[in-house]
Amino acid sequence: MSLEVEKPGGTESTNRLSLKRHDSLFGDAEKVSGAKHHGSEVSWSRTLHLAFQSVGIIYGDIGTSPLYVYSSTFPSGIKNNDDLLGVLSLIIYTLIIIPMLKYVFIVLYANDNGDGGTFALYSLISRYAKIRLIPNQQAEDAMVSNYSIEAPSSQLRRAQWVKQKIESSKAAKIALFTLTILGTAMVMGDGTLTPAISVLSAVSGIREKAPSLTQTQVVWISVAILFMLFSVQRFGTDKVGYTFAPVISVWFLLIAGIGLYNLVVHDIGVLRAFNPMYIVHYFKRNGKDGWVSLGGVILCVTGTEGMFADLGHFNVRAVQISFTGILFPSVALCYIGQAAYLRKFPENVGDTFYRSIPAPLFWPTFIVAICAAIIASQAMLSGAFAILSKALSLGCLPRVRVIHTSKKYEGQVYIPEVNFMMGLASIIVTIAFRTTTSIGNAYGICVVTTFSVTTHLMTLVMLLIWKKHIVFILLFYVVFGFTELIYLSSILSKFIEGGYLPFCFAVVLMTLMATWHYVHVKRYWYELDHVVPTNEMTTLLEKNDVRRIPGVGLLYTELIQGIPPVFPRLIKKIPSVHSIFVFMSIKHLPIPHVVPAERFLFRQVGPREQRMFRCVARYGYSDRLEESKEFAGFLADRLKMFIQEESAFAQYEAENDESSPSTEVPEAQTRPRRSTVVHSEEAIHPRVSSHSGRITFRANHSVEEEKQLIDREVERGVVYLMGEANVSAGPKSSILKKIVVNYIYTFLRKNLNEGHNALSIPKDQLLKVGITYEI
């Protein structure tokens with residue numbers, strides 16, 4: 001392979017040596033190059049195990065919808081008994097079209113190595129087209145085993161054309177990012193409203209047996225349950241799922257049995273609703289009122305997005321088994337039974353679920369309903385945590401601590417700050433709205449908007465990545481897009497009656513995410529524009545009379561090239577550098593996981609005797625950051641491996657050069673790419689000298705001595721250095737930019753951004769360096 005070597009003067013040599021390069025992590029990378037995709041080789045026993053657990057995590061929401069669907073669809077009562085057949089037909093086919101056909105059998109396959117949700121789709125697309133606003137992609141990133149993908153074929157002109165249009169249009173990149181954070185904001189709104197409507201609707205059933213209870217008392221009972229729900233999130237999805245799975249299984253058995261009982265006892269003729277013509281007759285009879293009632297019908301598929309967002313907890317096959325084998329038959333039977341009951345007792349539509357329960361089963365069903373409502377909330381909370389953890393890693397929110405709650409299953413996370421804010425918002429909504437009908441008007445908008453975002457991103461996946469026939473793509477977009485558009489238009493008619501709430505949530509959250517990402521990108525470009533060239537390192541150290549002190553210093557920077565502007569400021573204020581100094585970059589790739597063997601990219605910075613390095617630690621957006629002690633040990637081991645491999649390569653190069661006559665090679669137009677996973681954007685800097693066209697290497701220490709030196713310095717202590725950047729808008733900036741940067745961003749940075757906590761850095765080993773950026 002080709003490699004350019006830098007001479008002492010700092011200028012690039014025009015000689016290129018044809019060498020076989022074998023860097024420090026190349027062997028490890030080869031061992032993992034066959035990494036499997038999520039769930040591709042999972043045993044049936046584990047799949048069934050996950051399918052059972054998924055029942056308790058992702059189906060609580062859609063499984064408790066029968067508590068309030070009919071009452072939300074007929075808020076003014078049933079005018080014609082045949083309307084029940086039309087609404088039941090709508091419910092059945094909505095369940096088949098959106099959650100089953102779209103999500104279970106299409107969208108779940110668009111997972112990003114096992115992770116789902118809007119950010120997973122965005123990350124998947126970003127691997128095939130350069131749509132991210134920060135230009136930190138490296139050729140080496142594509143060598144990561146989980147990253148490896150087949151590039152769009154040159155023969156498929158459509159995929160190439162779409163890719164070119166997206167990459168060349170900043171407006172398209174911004175539109176995709178906006179669409180993604182809109183979907184994320186709506187999932188957050190869903191996660192806030194689900195506990196409120198589910199718990200409130202379940203608790204309201206107690207008034208059947210205790211009519212003296214007022215609505216205010218029901219609300220406060222609901223608030224107490226919500227407080228308990230958000231308090232147990234710290235225990236994690238794994239433990240909560242095992243607790244809830246048996247309960248929700250009993251719930252599905254109960255609602256299926258009650259539905260079958262009502263069907264047989266009251267009116268088996270409602271099975272005619274499988275004929276979709278009853279939908280046509282329903283709209284002919286009711287006109288605009290029928291269209292408005294769709295806002296209640298759509299609540300039968302609430303929580304569907306949770307199946308996709310929570311996919312990181314399970315796998316595709318497990319979700320498909322549990323949905324088609326448990327969820328769909330149980331829920332469908334429940335809706336059919338309720339319709340049969342209402343055919344005889346239409347006046348009870350306001351409380352269909354509890355009034356349709358046979359008397360001996362009321363209290364058991366009521367207790368299980370309360371538990372199921374809590375499970376429904378858990379479903380969306382799990383999805384919200386999973387999606388936000390991806391948003392954090394992609395620079396869309398301030399760094400907060402993400403706690404991985406399960407050592408056995410990946411992707412199960414808990415975010416304390418988010419849990420607190422969502423819990424508080426859910427309690428406030430419950431107290432303010434008081435009834436499920438008002439909350440339902442807001443709830444539906446969150447649900448359908450998320451569906452629409454997923455449809456648009458999925459269409460792009462089918463165009464760009466799957467490269468399906470245009471007929472299938474149009475069929476997908478038209479069928480699902482048109483269905484969701486009809487439902488959305490119906491729900492928007494209830495904007496004033498509570499529909500404004502999710503838009504308020506979305507505006508606030510999108511503003512925060514867009515602000516943070518905007519300044520994050522601007523700050524990155526500022527640092528990139530003010531970077532210090534690596535070949536000036538020696539001059540910089542000599543100019544400030546820098547002395548070396550014991551220990552290892554890790555300076556965190558987002559830059560993956562050059563010397564960050566905070567370093568000259570550091571040595572100007574404190575003219576000392578640790579014996580071993582590493583410019584440390586934590587980089588999140590648009591994939592869920594990076595295997596540990598491919599984690600680090602090392603580079604020598606400056607002359608070898610200065611013992612200064614660059615390290616890029618690469619993580620997927622679902623990877624857990626190691627604790628400081630574990631991280632330092634892993635880093636030291638990889639650094640010693642890097643030094644050993646560099647020395648071996650230098651020796652091989654020198655021997656190869658001595659045995660071969662020197663040959664002039666024309667200067668290359670561009671730098672060649674080395675087939676290795678351990679390098680970055682700069683040339684390797686061994687200590688070299690030129691004599692008669694030959695290159696020889698001078699090592700100041702043997703490899704073993706250097707490795708022993710690393711061990712000694714690590715024992716003396718590791719110090720973590722971070723730039724504390726105060727970002728402000730320039731004096732000529734617009735008023736809007738000043739508000740965004742000087743107020744909103746500053747507020748978020750001071751109150752939420754705790755980078756050292758997110759990176760698990762001990763406070764007694766942390767040194768912050770203040771610096772001001774004017775963008």
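Reader: Which residue in E11 stands opposite Val-552?
Author: Val-718 of E11 does. Keep in mind that this is a predicted model.

Reader: How many bridges join E5 to E11, and do they run parallel or antiparallel?
Author: Five bridges join them, and the two strands run parallel. E11 covers residues 718-728.

Reader: And E5 to E6, how many bridges there?
Author: Eight bridges. E5 is residues 547-556, E6 is residues 576-589, and they run parallel.

Reader: OK, helices. At what angle do H5 and H20 cross?
Author: Roughly 130°, and their axes come within 12 Å. H5 is therefore oblique to H20. The crossing of H5 past H20 is left-handed. H5 spans residues 82-104 and H20 spans residues 470-492.

Reader: Which residues make that contact?
Author: H5 contributes Leu-90, Thr-94, Ile-97, Ile-98, Leu-101 and Lys-102. From H20 come Phe-476, Phe-480, Thr-483, Glu-484 and Tyr-487.

Reader: How does the contact of H5 with H20 split by class?
Author: Seven nonpolar residues, two polar and two charged.

Reader: What does Glu-484 form with Lys-102?
Author: A salt bridge. The closest N and O atoms are 2.6 Å apart.

Reader: How many residues apart is that pair?
Author: 382 residues. Glu-484 sits in H20 and Lys-102 in H5, so the pair links distant parts of the chain.

Reader: How many salt bridges does the count come to?
Author: The count comes to 10.

Reader: Back to H20. How does H19 pack with H20?
Author: At an angle of about 165°, with the axes 9 Å apart. The two are therefore roughly antiparallel to each other. Their crossing is left-handed. H19 is residues 436-466.

Reader: Which classes make up the contact of H19 with H20?
Author: 16 nonpolar residues, eight polar and one charged.

Reader: At what angle do H8 and H19 pack?
Author: About 150°, with their axes 8 Å apart. That angle makes H8 roughly antiparallel to H19. H8 is residues 170-203.

Reader: Is the H8 and H19 crossing left-handed or right-handed?
Author: Left-handed. By class, the contact of H8 with H19 has 18 nonpolar residues, 10 polar and one charged.

Reader: New topic. Where does Asp-267 lie?
Author: In the loop between H10 (236-265) and H11 (277-286).

Reader: Which residues does Asp-267 touch?
Author: Asn-262, Ala-340 and Arg-343, leaving aside residues up to four places away in sequence.

Reader: And what separates the C-alpha atoms of Asp-267 and Lys-344?
Author: 7.9 Å. Along the chain, Asp-267 and Lys-344 are 77 residues apart.

Reader: Good, that covers my list. Thanks.

Key. Residues are numbered from 1 along each chain as its sequence is written. This is a predicted model: local features need pLDDT of at least 70, side-chain atom pairs count only at pLDDT 80 or more; totals for chains, interfaces and linings use all residues. Side-chain values use heavy atoms; hydrogens and water are left out. Two strands pair if DSSP finds at least two bridges between them. Helices (H or I, at least four residues) and strands (E, at least two) are DSSP runs, numbered from the N terminus. Axes are lines fitted to C-alpha atoms, for helices over the stretch in contact, and angles run from 0 to 180 degrees between N-to-C directions. Angles under 35 degrees count as roughly parallel, over 145 as roughly antiparallel, 65 to 115 as roughly perpendicular and the rest as oblique. A crossing is left-handed if the near helix is turned anticlockwise from the far one by less than a right angle, and right-handed if clockwise. Contact means heavy atoms within 4.5 Å. Ala, Val, Leu, Ile, Met, Phe, Trp, Tyr, Cys and Pro count as nonpolar, Asp, Glu, Lys and Arg as charged, and the others, Gly among them, as polar. A salt bridge is a side-chain nitrogen of Lys or Arg within 4 Å of a carboxyl oxygen of Asp or Glu.
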